[in-house]
Amino acid sequence: MRKTVAKLAILASCMLSIAATEAVGQEHEGPRISQVVALDECDPTTFNAALGPDFCKNVTLGYFTVLSDLFAKAAAGTPDPGWDFEPDVVHMKQGTILSVVDQGGEPHTFTEVKEFGGGFIPPLNAPGETVVPECSNGFANVAVARTRILQGSQLQITNLSKGEHYFQCCIHPWMRVKVVVK
Ligand SMILES: [Cu+2]
């Protein structure tokens, strides 16, 4: 009797591991996803005083950049590295879904541009940099508005053609990602 129970237990664990293997296999057959994360370190106190309540909903602890410092660093040509898309370069196969999640405290855009350049808030652009056509007119431009990602939400981009694609934030233009589709 004890042997039978032991055999059954072994059989059950074998079946479980087969089931687990199959589940992993199925995952590979579904649409592939490449993940990009948008990060920032907005300081809720100074950002919301200037930009409105709940503009910045940062949940990280202790690493805030105050609004005036964000502008000062951008104007000096040394933009705050805490505002970032990660990774900086994505290599993926055609058909892969590019998923961008805003884990920062404020909104961003993930906008495809022909060439990297400035955003629609001139004081946040590097010295001498002008707004790229794809970002011009800000959220009054529906094409830009459609690329906006709010805090905690995600944007999925499908059907990217083979080759190199460039995405940047139209607000914080130093947030940049190069996507290489093979
Ligand atoms: Cu941004």
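Predicted model: local features only at pLDDT ≥ 70, side-chain atom pairs only at ≥ 80, totals over all residues.
When neighbours within four places in sequence are set aside, the contacts of isoleucine 171 are His108, Thr109, Gly119, Ile121 and Leu124. For one of these residues, leucine 124, the C-alpha atom is separated from that of isoleucine 171 by 7.4 Å, although the two residues are 47 residues apart along the chain.

## The largest nonpolar core

The largest nonpolar core comprises 23 residues, and the members that touch the most others are Val36, Cys170, Met175 and Val177. Two or more residues are given to this core by each of β1 (33-39), α3 (67-75), β4 (97-102) and β10 (176-181).

Methionine 175, one of those most connected members, has contacts beyond its neighbours within four places in sequence with Ala38, Trp83, Asp84, Phe85, His108, Gln168 and Cys169.

## Strand pairing around β1

β1 runs parallel to β4, to which it is joined by six bridges, and within this pairing isoleucine 33 has isoleucine 97 of β4 as its bridge partner.

With strand β2 (residues 84-86), by contrast, β1 pairs in the antiparallel sense, over three bridges; here valine 37 stands opposite glutamate 86 of β2.

Terms used:
Residues numbered from 1 in each chain as written. Core = buried A, V, L, I, M, F, W, Y, C linked by C-beta atoms within 7 Å. Buried ≥ 20, exposed ≤ 12 C-beta atoms within 10 Å, placed from the backbone. Helix = DSSP H or I, 4+ residues; strand = E, 2+ residues; numbered from the N terminus. Contact = placed C-beta atoms within 7 Å. Pairing = 2+ DSSP bridges.
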